[in-house]
Number of protein chains: 2
Amino acid sequence: MGTNTDATATLHEEVVARLREMLIEGVIPPGARIPERDLCRLFAISRTPLREALKVLAAEGHVELLRNRGARVARLTSRDLRELLEVCAGLEAIAGELACQRVSDAALARIEALHAEMAAHHRSHDLPRYYQCNRQIHEAIVRAAGNAALAAMYDAVNARIRRARYLAPMPPAHWDLAMREHEGIMNALVRRDGAGLAHILRRHLDNKFKEIELAGFAESEAAASSPARRTEPGQANGRRHVAR
Amino acid sequence: MGTNTDATATLHEEVVARLREMLIEGVIPPGARIPERDLCRLFAISRTPLREALKVLAAEGHVELLRNRGARVARLTSRDLRELLEVCAGLEAIAGELACQRVSDAALARIEALHAEMAAHHRSHDLPRYYQCNRQIHEAIVRAAGNAALAAMYDAVNARIRRARYLAPMPPAHWDLAMREHEGIMNALVRRDGAGLAHILRRHLDNKFKEIELAGFAESEAAASSPARRTEPGQANGRRHVAR
DNA sequence: GACGTGTAATTTGCATGCAAAATGGACGCG
DNA sequence: CGCGTCCATTTTGCATGCAAATTACACGTC
């Protein structure tokens, strides 16, 4: 995302990368307050580069900055998830359209191979590996569009919804449907049917949202942000702050 | 973009807003180096909040940060323009699709009014006012999609291409075509033809790119970033740095 | 004059210090 | 017991200072 090609990063860049990974992976629970002091200790740096890193992560939507009240890990509400999946659908749709014009034979062959592998994981009911191939396919299509800005935005959006999208359990019926949709995706791509591919991708993601919604994914507590607290779902412990 | 509702901003927020506006409007020439010192004087603040602001603007793509070498105003290359217009097309397409499902009667009426006004400006060959309506229409469609994340990303992408998109001269033939496309856009929206609207919007922006390209818009100097310098196109003077 | 070299001045990256705002209780009142 | 107030503590926002990296430039060589 930066414009630097160098390998050795500055402190704030390092922290942006590491903290972003932690936030994406959910190491720090969504909604948790993250006092600068704690993060300074965690990364062993002073507040100056840390604050710079937080500003960047806030711009990316990973944390929320509350004036004079510090940062907290952004929560993915049901509404956020819908909105981001809709954005994702728009990006994948245009990517598919462009990919049909620009995909190289090598890239197409790789996508076909990934698709075959994914189908195998579907048949053997290996959801984690299925998701891994699935994600690689979607990302490969976006890369095949030959548009760096599009790819960067796609990655940024997906980072926010990654766990919801690629960790959610899928009932067999949905899984079968998703697999059939992917057959259609491959078909359209091979036939270079941009409009068709865009259409399928949009519907594919629409179904994905409905499925996650039905599975009851939600990082948000009660609508009000009052201190009334419940146990954090999907969280090993109820800590509110990063370990110090 | 921030999560704060308050009116009084902190220094770095204030600077982000003001500097962003300057960058979008091209007050500081693209490609210009912007030493922190100068900006500190300009805004009468210390380097700490200024640097935080620069990090945010870099994340938004308005400036480039060069490790140990400060910031410079991002330049919009022809490739950047193509990529961002393609992203924009994807976002507008999905927005159109969603808007067809969700647009309120009031919002639709406003868009129709804007369209009528724009058509009048087209007839009277008033390009600035035409562009003003044009932009409001596109933004209104995006707003009508009922998706805040989509709207925010749309605004961010458009900020980077605003001058190219809404200041470029248009030969009559292109202008007439654009106007006809807008008739189609209105038509599809009124008929709630999401797929059709998405299709027209994508083609509309594709044509827009071709048109700007033909007009020879480019903020980039010679491909190499060597110190060989020419006069900065579209710039009142050849300054390399912000006024001090 | 073109071009490399060494050094001074500038600029960046980061740590630290201080004032203002927010937080957390202790206390008093209804 | 619930609830508002006041004050000590913590936390944030910003300015400043210092070391490292970069830049500018004078000088010497070809």
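Two strands count as paired here if DSSP finds at least two bridges between them. Keep that in mind for the first stop, and remember throughout that this is a predicted model.

**Stop 1**

Select residues 63-66 and 70-73 of chain B. These are strands β2 and β3, and they run antiparallel to each other, joined over four bridges.

**Stop 2**

You now have an open sheet of three strands, ordered β1-β3-β2 in chain B, with antiparallel pairing. In chain B, β1 and β2 each have a single partner strand and stand at the edges, so one side of each has no neighbour in the sheet. Next, show residues 47-59 of chain B: this is helix α3, which packs on the sheet and touches β1, β2 and β3 of chain B. Its direction makes about 115 degrees with that of β2(B).

**Stop 2: over to chain A**

Which strand order does the sheet in chain A have? Three strands make an open sheet there too, in the order β1-β3-β2, and the pairing is antiparallel. The edges are β1 (33-34) and β2 (63-66) of chain A, each pairing on one side only. Go to β1(A) and β3 (70-73) of chain A, which pair in the antiparallel sense over two bridges. To see one of these up close, select A:R33 and its bridge partner in β3(A), A:R72.

**Stop 3: two helices in chain A**

For the contact, show side chains of A:E36, A:L39, A:C40 and A:F43 on α2(A), and of A:R47, A:L50, A:R51 and A:L54 on α3(A). Colour them by class and you get five nonpolar, no polar and three charged residues.

**Stop 4: across the chains**

Now select residues 78-102 of chain A and 148-167 of chain B. These are helices α4(A) and α7(B), whose axes come within 7 Å and cross at roughly 50 degrees; the two are therefore oblique to each other. On the α4(A) side, the contact uses A:E83, A:L84 and A:V87, while α7(B) brings B:A148, B:A149, B:L150 and B:M153. That contact has six nonpolar, no polar and one charged residues.

**Stop 5: aromatics**

Show A:Y130, A:Y131, A:Y166 and A:W175, which form one aromatic cluster. Over all chains, the structure holds six aromatic pairs.

**Last stop: confidence**

Finally, colour chain A by pLDDT. The chain's mean is 88, and 86% of its residues reach 70 or more. Where does pLDDT stay under 50? Residues 1-6 of chain A are one such stretch, with nine contacts beyond four places in sequence. Residues 222-244 of chain A are another, with 30 such contacts in the model.

Methods: Residues numbered from 1 in each chain as written. Chains lettered and ligands numbered in written order. Predicted model: local features only at pLDDT ≥ 70, side-chain atom pairs only at ≥ 80, totals over all residues. Heavy atoms only, no water. Axes fitted to C-alpha atoms, helices over the stretch in contact; angles between N-to-C directions. Parallel < 35°, antiparallel > 145°, perpendicular 65-115°, else oblique. Contact = heavy atoms within 4.5 Å. Nonpolar A, V, L, I, M, F, W, Y, C, P; charged D, E, K, R; others polar. Phe/Tyr/Trp six-rings, centres within 6.5 Å; stacked < 30°, edge-to-face > 60°. pLDDT = per-residue confidence, 0-100.
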